[in-house]
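Here are my notes after going through the model you sent over. Have it open while you read.

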Amino acid sequence: GDSVTMGISRDSRHKHRATGGRMPVHKKKRKFELGRPAAMTKIGHKRVRPVRCMGGNMKYRALRLDHGNFSWGSENITRKTRVMDVVYNASNNELVRTKVLVKNAIIVIDAAPFKAWYMKHYGVEIGKKKKTEEAKEEVKQSKHVLATLKYRNKERTLDAHLEEQFASGRLLACISSRPGQSGRCDGYILEGRELEFYRKQLVKKKKN
């Protein structure tokens, strides 16, 4: 490449000593000290680039992603679903404004796959408006299936905050993978105290 373009270097030779003095630089930049620009993964049709790294290893730099695997911890299931929006980021508000997908970003995902699973597993449609219940026609089910659903419903609990979100068709989730390193946008649905915390943060952000 052209020698004029500046690379990102992770060396410490250019740093001052702890006492404030300058260090004599007697070495050029080395390949193993290189850094690369951030991926700044956006929401959009999947676009992932492979990057050859040290030791011949590969990283997968996601430039755009719109789907990911998200787990629902309390129900112990995982579904592939659509990423819809970025709503909060503890490290930098700029990353929310530009909708960048990074680890630990709080995002909004589509609730449909989880709703469908819940219906199949418990026979209960969540996030349903009360008025439309009469219109629903009965689906024939065997006694065995009905007994299974009855047994499952004994243990069933659903967080009120989550039910509220299911009604809107969108769930708050947190990204736990590193899209710029693994090329994936995976995470988990926010529940319990963590969900309460982020709901408060979002309200606070709206006020400001």
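The points below go from the cores to the helix pairs and then to a few loop residues.

1. First, the ground rules. This is a predicted model, where local features need pLDDT of at least 70, side-chain atom pairs count only at pLDDT 80 or more, and totals for chains, interfaces and linings use all residues. Residues are numbered from 1 along each chain as its sequence is written, and side-chain values use heavy atoms, with hydrogens and water left out.

2. Start with the largest nonpolar core, which has 26 residues; W72, I107 and F114 touch the most other members. By such a core I mean buried Ala, Val, Leu, Ile, Met, Phe, Trp, Tyr and Cys residues joined through side-chain atoms within 4.5 Å. Buried is under 20% relative accessible area, exposed is over 50%, and partly exposed is in between (1.4 Å probe, protein chains only). In soluble globular proteins, nonpolar side chains tend to be buried together.

3. Where does this core come from? At least two residues each are supplied by β5 (58-65), β6 (67-72), β7 (77-88), β8 (106-110), α2 (112-122), α4 (160-168) and β9 (170-175). The largest share, four residues, belongs to α2. Element names follow DSSP runs numbered from the N terminus: helices are H or I with at least four residues, strands are E with at least two.

4. Have a look at I107. Leaving aside residues up to four places away in sequence, I107 touches F70, V83, D85, V86, V87, L101, L171, L172, A173 and I175; contact means heavy atoms within 4.5 Å. There's also a second, separate core of nine residues, with I106, L172, L190 and Y198 among them.

5. Now the helix pairs. α4 and α6 (residues 192-207) pack at about 60 degrees with axes 10 Å apart, and they are therefore oblique to each other. Axes are lines fitted to C-alpha atoms, for helices over the stretch in contact, and angles run from 0 to 180 degrees between N-to-C directions. Under 35 degrees counts as roughly parallel, over 145 as roughly antiparallel, 65 to 115 as roughly perpendicular, and the rest as oblique. H161, E164 and Q165 of α4 meet L195, E196 and R199 of α6. That contact splits into one nonpolar, two polar and three charged residues. For these classes, Ala, Val, Leu, Ile, Met, Phe, Trp, Tyr, Cys and Pro are nonpolar, Asp, Glu, Lys and Arg are charged, and the others, Gly among them, are polar.

6. α2 and α3 (residues 143-155) pack at about 115 degrees, with axes 8 Å apart, which makes α2 roughly perpendicular to α3. K120, H121 and Y122 of α2 make the contact with L149, R152 and N153 of α3.

7. T41 sits in the loop between β2 (34-35) and β3 (42-43). Is T41 buried or exposed? T41 is buried, at 1% relative accessible area. The T41 side chain reaches the backbone oxygen of A62 at 2.6 Å. M40 is partly exposed, at 39%.

8. Last, the loop between α1 (94-97) and β8, which holds K103. The C-alpha atoms of K103 and G187 are separated by 8.7 Å, although these residues are 84 apart along the chain. N104 lies in this loop too, with a positive phi near 70 degrees in a residue other than glycine.

Technical notes. Polar contact = N/O pair within 3.5 Å; in protein donor to acceptor, adjacent residues only side chain to side chain.
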